[in-house]
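Hi everyone, thanks for coming. I'd like to walk you through one model today, going from domains to helix packing to the chain pairing.

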Protein chains: 2
Amino acid sequence: MAVTVGIVGATGAVGQELIRLLHEREFPFSSLKLLASGRSAGKEIQYGDKTLTIEEATPQAFAGMDIALFSAGASISKVLGPEAVKRGCVVVDNSSAFRMDPEVPLVVPEINAHAVKDHKGIIANPNCSTAIALMGLFPLHQAFGLKRFIACTYQAVSGSGVKGMMELENQLRAWSEGRESAPSNYPHPIAFNLFPHVDVFFDDGYTKEEHKMLNESRKIMSMPDLTASTTCVRVPVMRAHSIALHAEFERPVDVEQARQAVAAFAGAELCDDPAHNLYPTPLQYSGKDKCGVGRIRRDSAIENGLALFVAGDQLLKGAALNAVQIAEELV
Amino acid sequence: MAVTVGIVGATGAVGQELIRLLHEREFPFSSLKLLASGRSAGKEIQYGDKTLTIEEATPQAFAGMDIALFSAGASISKVLGPEAVKRGCVVVDNSSAFRMDPEVPLVVPEINAHAVKDHKGIIANPNCSTAIALMGLFPLHQAFGLKRFIACTYQAVSGSGVKGMMELENQLRAWSEGRESAPSNYPHPIAFNLFPHVDVFFDDGYTKEEHKMLNESRKIMSMPDLTASTTCVRVPVMRAHSIALHAEFERPVDVEQARQAVAAFAGAELCDDPAHNLYPTPLQYSGKDKCGVGRIRRDSAIENGLALFVAGDQLLKGAALNAVQIAEELV
């Protein structure tokens, strides 16, 4: 079955990966429409030997489209998502707009592919740090029953899109030339720095990004009673997120069994041989579909606890890859 | 009372800060002897309008010296520390050589200055990430009674000395010039990367650096039953460590009371106004004596729990400043 596909936000960092993945994974599309803001309309994008022309993302652009992959921010999704659905298109949305809507499935295919079929026109793609953390947590949940976890993230600048990546590059280039380069996208310099601030702050002192980790994990794993606490930190790394996890389980844990569970899980690659300096690093997992999971050890502060370290490509499993995997479930 | 002082490892990153701090804090020294390996002997170091000449660190060099500040690694401390003591010199040691020796006080002056007087010739300076974490944890312990904590670190390359700082600089300069620069000091590239590997691995899957956080915290705060679990991560930041902490307390916690406790604590500066993008960052706390403590919030996964974020200069509170503060207690 060949389908007509559209990408909303085709010029962004995630949009670029979506184009690449649809081709490389031989997604069965009969046509691919690239949509972006009016500002980008008419621009041409090269992919392999093809030249693709950007069209303006208007409600009418979704007529005759089977699947639209949205990655242009929550406000665009809120306006154009329902317009696409109205025209018979199924929306896979990478923004936070619909993730916690009880009518909208929130899907990581390795975990809850079954939820795709319950969609009413929109399927949400989880936040990048949640998707990557779950590649380590879910196989351990299956083995021992997850109860609660603490997550501390090390998030790449690609999470802020092309402008985040440009800002890190510009500041480092300025440093190498002995110039100053003031922050524009971020509230503080990101070169040689980091800050515990990703997305907006809530009154409880957590950021929205930190709330997403708990709320989305609960929904994806169907665990309404799960508890978690997260500190999200932006670091001067280009495009893979890392997450240190300290988790408590219902049942007694075993490190060897934990390693086997991770190794057997489709979304993860076991990378856990400290004696040979093997553990996940963001540079190593940039551009990789699977997330690396390592440093698995018995937690010294938590009964039935395990500590682990996960790294995964923010633009792939954290965004574009997961969206394409959802689209693959649809067809 | 004027004393004769020596610095062992005077050419290192911590040694340089020791020289500066002894002068700037007007430490009452009548003479300052700079010691290093035979290779560095004869080299001259400029400090202000003074020229100081490096001498070789031999047992005889400690004759007539009142206080020696050691920062040349554990193996040097193990050999030369006892030689200095034998000659009547009090050793303040920045290495891990004697920290867990029950005969040796391990001191953070804001916490256990009283322990200095129990010394038998050697006083140990804690590991950098422990000293910095405790600037956030100890005032909260006083307020609510610390029970256990999870720490995830973001450790600067200065923790590996001048060679760590050079490696980050070299790799970034190579990147800016389009060259490759292979890692030499670290097992992986550090530019645009990070890795959960600081110090050597133990059989239980933790690193020595991660063990230090628990063992040294227990000793400094006289809390043998404290539990903790730590993930230590090296990040591409130059000289201040950051630590995300999620801690459980004996008594009910209150965020406003926690902020007041931190603000009143000598080693900390409260930096906690997220609405104005104020929270500790390593760039902001580089070169500062006090450690920044912020992002204080009720932990959403731990009863009587608080989450917080601490940043502090690794070469100052994490090393040289704490050593000089101990020496100040001695005189």
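**Domains, helices and a pair of chains**

Let's start with chain A, which is divided into domain 1 (3-126 + 319-330) and domain 2 (130-314); these bounds come from an automatic or database domain assignment. Before going on, some ground rules: this is a predicted model, where local features need pLDDT of at least 70 and side-chain atom pairs count only at pLDDT 80 or more, while totals for chains, interfaces and linings use all residues. Residues are numbered from 1 along each chain as its sequence is written, and chains are lettered from A and ligands numbered from 1 in the order in which they are written.

Back to the domains. The C-alpha centres of domain 1 and domain 2 of chain A are 25 Å apart. Where they touch, 14 residues of domain 1 of chain A are in contact with 19 residues of domain 2 of chain A, contact meaning that the C-beta atoms, placed from the backbone, lie within 7 Å. On the domain 1 side, helix H3 (109-112) and helix H9 (316-330) of chain A each supply at least two residues. Helices here are DSSP runs (H or I, at least four residues), as are strands (E, at least two), numbered from the N terminus. That side of domain 1 of chain A has eight nonpolar, four polar and two charged residues. For the classes, Ala, Val, Leu, Ile, Met, Phe, Trp, Tyr, Cys and Pro count as nonpolar, Asp, Glu, Lys and Arg as charged, and the others, Gly among them, as polar.

Now for helix packing. At what angle do helix H4 and helix H7 of chain A pack? Helix H4 (residues 128-144) and helix H7 (residues 255-263) of chain A pack at about 120°, with their axes 9 Å apart. That makes H4(A) oblique to H7(A). The axes are lines fitted to C-alpha atoms, for helices over the stretch in contact, and angles run from 0 to 180 degrees between N-to-C directions. Under 35 degrees counts as roughly parallel, over 145 as roughly antiparallel, 65 to 115 as roughly perpendicular, and the rest as oblique.

Who meets whom? From H4(A) we have Gly136(A), Pro139(A), Leu140(A), Gln142(A) and Ala143(A), and they meet Gln257(A), Ala258(A), Ala261(A) and Val262(A) in H7(A). By class, this contact of H4(A) with H7(A) has six nonpolar, three polar and no charged residues.

H4(A) has another partner to show you: its axis and that of helix H6 (residues 208-220) of chain A come within 9 Å and cross at roughly 55°. H4(A) and H6(A) are therefore oblique to each other. The H4(A) side of this contact is Ser129(A), Thr130(A), Ala133(A) and Leu134(A), and the H6(A) side includes Glu209(A), Lys212(A) and Met213(A). The contact of H4(A) with H6(A) has four nonpolar, three polar and three charged residues.

Finally, the two chains. The same surface serves both copies, since 100% of the contact residues of chain B recur in chain A.

How many residues does the contact take from each chain? It takes 51 from chain B and 51 from chain A. Among the elements that each supply at least two residues on the chain B side are helix H5 (162-176) and strand S10 (240-249). That side of chain B has 31 nonpolar, 13 polar and seven charged residues.

Key. Two residues are in contact if their C-beta atoms, placed from the backbone, lie within 7 Å.
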